Every structure is written in structure tokens, then in C-alpha cells.
Amino acid sequence: MDSTFLELTKLLPRWVDIENVIQGEVEARYILKTATDYMENFQSKGNSGEEETRYLICALVDRNWERIHTGHFSRVPLNTRKIYAIGCYFKIFFLLLESSSPAQKELCSGILDEAQLLGSMEDWSELKVALMDYLDKGRPENSGTLPILESLKRISCTCDIPQLEAPSLQEFQTKCFQAGQPTLLLNTIQHWPALHKWLDLNYLLQVAGHRTVPIEIGSNYASDEWSQQLVKISDFLKRQFGGDRSKSHQDIEYLAQHELFSQIPALKGDISIPDYCSISKEDPPGAVDIKAWLGPAGTISPMHYDAKHNLLCQVFGSKRIILAAPEDTENLYPHESEFLANTSQIDVSQLDLDTYPLVEKVKFYHLLLQPGDCLYMPPKWWHYVRSEAPSFSVSFWWE
């Protein structure tokens, strides 16, 4: 048992840290009290009680995995997600006690990813980062060669909204934020290392290929054929970018709206939060949500709106975007379903005026988002997004 692993065990949750999290959860309280007691004494007691404690922890993880997957994710109690994450940490610990082989570390890395995706880990960020570093050490490189994408040359095209060339903070605040004006911000992120580093898909493969992420299957989340799966990034990259997709019957897959940079901090070093996101009506400004959007040509986000300020930044590839103002909400036929209430029923790429006659009243704004540019969208502005080429975008949402 190496010294680094022993140091990791000191970061595991103690009973005093989690007792209040699991009030009213009799089963979880018993199991996690047993686990934390074991942890406090495991070096002196040897293997005594290890097998039983490991069994209980695995049962706790399985039980809360089932609870998380019952009903809609947004309705899962936060405590259930916290218990799941804490259980996963202890499960990883017991697996590493068995073995620290590369295969065992790979298994633990997958469990850690699921804990991040399904659980709530904000209270244990130091442990999460330390554990990621430990599991990644000595990892063999991902095999296989992916293409290096060509940087797209800027093209001149119609833009129905104002355009500003890398505006100052003051100019953005006055002309965009305070005015509630969607604006195309040209050449705003040219300083990001991501603009050239991420074109080499082998770089993404090496840095992130072993991590598990949620992938959307199908080009449009509002369609009946759409689904989601947890997939290793290496498999996703190889399927979507590794061959000639024009001759392939492979489904379109999309890494969409995912907090990739909290999961893989190494990639966060290739970008920076634009200063524009510091402008807020709140004092101090709220947190900035950072989301990743990676996929082949043809991915679609149907007409929808977001409740926060949105800065959509294009790293590589390009996206056709259609906007509509909040005032046209009733004319855009939002879904009646609670979970799609912010999404329109219409396909703005092929308007059907017979079925949706009110859409004729809507004023649409068209633009092309190109590498190095950002699109600012005020809250509740409707937007439809289609990738014209293999594409990586990063969005920043803030209050």
C-alpha cells in the first residue's frame, strides 16, 4: 500500500462531516457510520471487518443508483445524490485496497465519473481532484490515430444582429448586457490555446479519452428517436471523427451541455472565462456555469431558450443559428410538457405554417458562428443551433 494512497484515505469523509447530510436515512446512516469507523481504524485492525463493510457500501451505492434512475433526474433529492457520491468514494477505496493494478484503476475511474455525473460532489472537491490524479498516474496512452482538423477560414455572410469586434467590457455592458441585445462578438477568444490545441483530436483523446461522459444519441433532443448513454470519450471520438462519416450509417452522437471542465480540469486550462461574464445585476456576481458542446456536422439543438445570460463561444467548426425574441414565445408553440416547456415544437429549418400558423408572425434573426467568435444571448432569447462542420463550442451561463 503506497504512501500516496494512505494520504488519500485522510481525505475521505469522516462521520462528523456527513452525519447531517443523511438525517432520516436509517440505512445510509448505519452503513456510512460502519464505513467511517472502519476507516479510522483500518491500518491498526488490518482486514477485520473489511469484507462486510465493502459489501454494505456496494449495496448502498446500488440502492441509491436505483433511486437516482427512478423518475426524472431533476426531481432526485439532493441528499440521495450526496449519499451516492459518498458511497462511490468508499467503494473506490475498497477496490483499491484489493488491487491498484491498471485494470482496477480503470474500473475506479469509471466509478468516479459516474459519481460526478449522477452524484453531488461539491463538498468533496479536494478528494475528487486528488483521486483523479492518483488514478491517472501511470495510465497507458490511448491507442489509435484521429485526424487533425483544418482550421476553417472566415467567410463573409449575412448577420441579422449587431456585430462588435472584441468589444471592451464597458462597450459590452452598454450595448449588449444593459440593452438586452443579442450580439455577435467577433475575434473575442483568439487568445485561447484551445483554438489550436483542440483541432488535434489526438490531444483530446490523450487528455480526456479515458473519461466517461453522457452522450446524446440522435441529432435532436426533442425527437422521439433521441436517447442518452454514458460513453468513454475515446469511443465517442473514434466513432464520430475517426472514419469517413459520409459513408457511415453511424448515429449522430453529441456531447452536449456537459460540465466537462469540472470533470477534466486539464482542459479548463485551455480556455478562460470571458470578462463579460463578470457583469451582473447581482453583487457579488453569481457563479458561471461552463458547458461543453462537441459533435460532428449535423448536430441540432432545436429552438429553445435558457433562463440565464448565455455566451456561446466557438472553438472549432461553425454553427448556423436562428434567434427569436422572448416576445414571440406564444407564436413559437412551446411544448406543454414540463420538461420541454422551454423548447419549441416547430422546426425552424422547415417552417410548417399549416400546423403552426402563428409562427408567420415571428421575426427570425440568422447568423453564422465561426471560430474565435462568441454569441451573446440575453435570458429567454430563443435559439436554434445546427453545426455545419465538426464542432466544439463552450457556453458560459450566468445570472
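These legends accompany several close-up views of a predicted model.

**View 1. Helices H5 and H6 pack side by side with their axes 9 Å apart.**
Start with helix H5, residues 78–98, and helix H6, residues 102–118. The angle between them is about 175°. Angles over 145 degrees count as roughly antiparallel, and H5 and H6 are therefore roughly antiparallel to each other. On the H5 side, the residues that make the contact include Tyr 84, Cys 88, Ile 92 and Leu 95. On the H6 side, look for residues including Leu 107, Cys 108, Ile 111 and Ala 115. What kinds of residues make up the contact of H5 with H6? They divide into 13 nonpolar, one polar and five charged. Among the residues in contact are Arg 81 and Lys 91 of H5, and Lys 105 and Glu 114 of H6.

**View 2. Trp 198 sits in the largest nonpolar core.**
This core has 47 residues, and those with the most contacts inside it are Trp 198, Leu 311, Phe 392 and Val 394. Which residues does Trp 198 touch, leaving aside its neighbours within four places in sequence? Its contacts are Tyr 203, Leu 204, Phe 261, Leu 267, Asp 270, Ile 271, Val 315, Phe 316, Phe 392 and Val 394. A second, separate core of 46 residues includes Ile 18, Ala 28, Phe 94 and Ala 115. As a general background, nonpolar side chains in soluble globular proteins tend to be buried together.

**View 3. Phe 172 and Tyr 376 form an edge-to-face aromatic pair.**
The whole structure contains 16 aromatic pairs. In the pair of Phe 172 and Tyr 376, the distance is 5.0 Å centre to centre, with 75° between the planes. Where in the chain do the two partners lie? Phe 172 belongs to helix H8 (residues 169–177) and Tyr 376 to strand E11 (residues 374–377), so the pair links distant parts of the chain, 204 residues apart. Residues under 20% relative accessible area count as buried. Phe 172 is buried because its relative accessible area is 0%, and Tyr 376 counts as buried at 0% relative accessibility. Elsewhere, ring pairs link Phe 5, Tyr 38, Phe 93, Phe 94 and Tyr 134 into a cluster.

**View 4. Asn 187 and Gln 257 have a positive phi.**
Most residues other than glycine have a negative phi. Asn 187 is not a glycine, yet its phi is positive, about 50°. You will find Asn 187 in the loop between strand E2 (183–186) and helix H9 (194–197). Gln 257 is not a glycine either, and its phi is about 55°. Gln 257 has its place in strand E5, residues 253–258. Are these residues buried or partly exposed? Asn 187 counts as partly exposed at 27% relative accessibility, and Gln 257 counts as partly exposed at 42%.

The C-alpha atoms of Asp 289 and Glu 399 are separated by 9.6 Å, although the two residues are 110 residues apart along the chain. Asp 289 is partly exposed, with a relative accessible area of 22%.

**View 5. Val 16 is an exposed residue of helix H2.**
Helix H2 spans residues 15–18. Val 16 counts as exposed at 61% relative accessibility. Its C-alpha atom and that of Thr 36, 20 residues apart along the chain, are separated by 9.4 Å.

Methods. Residues numbered from 1 in each chain as written. Predicted model: local features only at pLDDT ≥ 70, side-chain atom pairs only at ≥ 80, totals over all residues. Heavy atoms only, no water. Axes fitted to C-alpha atoms, helices over the stretch in contact; angles between N-to-C directions. Helix = DSSP H or I, 4+ residues; strand = E, 2+ residues; numbered from the N terminus. Parallel < 35°, antiparallel > 145°, perpendicular 65-115°, else oblique. Contact = heavy atoms within 4.5 Å. Nonpolar A, V, L, I, M, F, W, Y, C, P; charged D, E, K, R; others polar. Core = buried A, V, L, I, M, F, W, Y, C linked by side-chain atoms within 4.5 Å. Buried < 20%, exposed > 50% of the residue type's maximum accessible area, 1.4 Å probe, protein only. Phe/Tyr/Trp six-rings, centres within 6.5 Å; stacked < 30°, edge-to-face > 60°.
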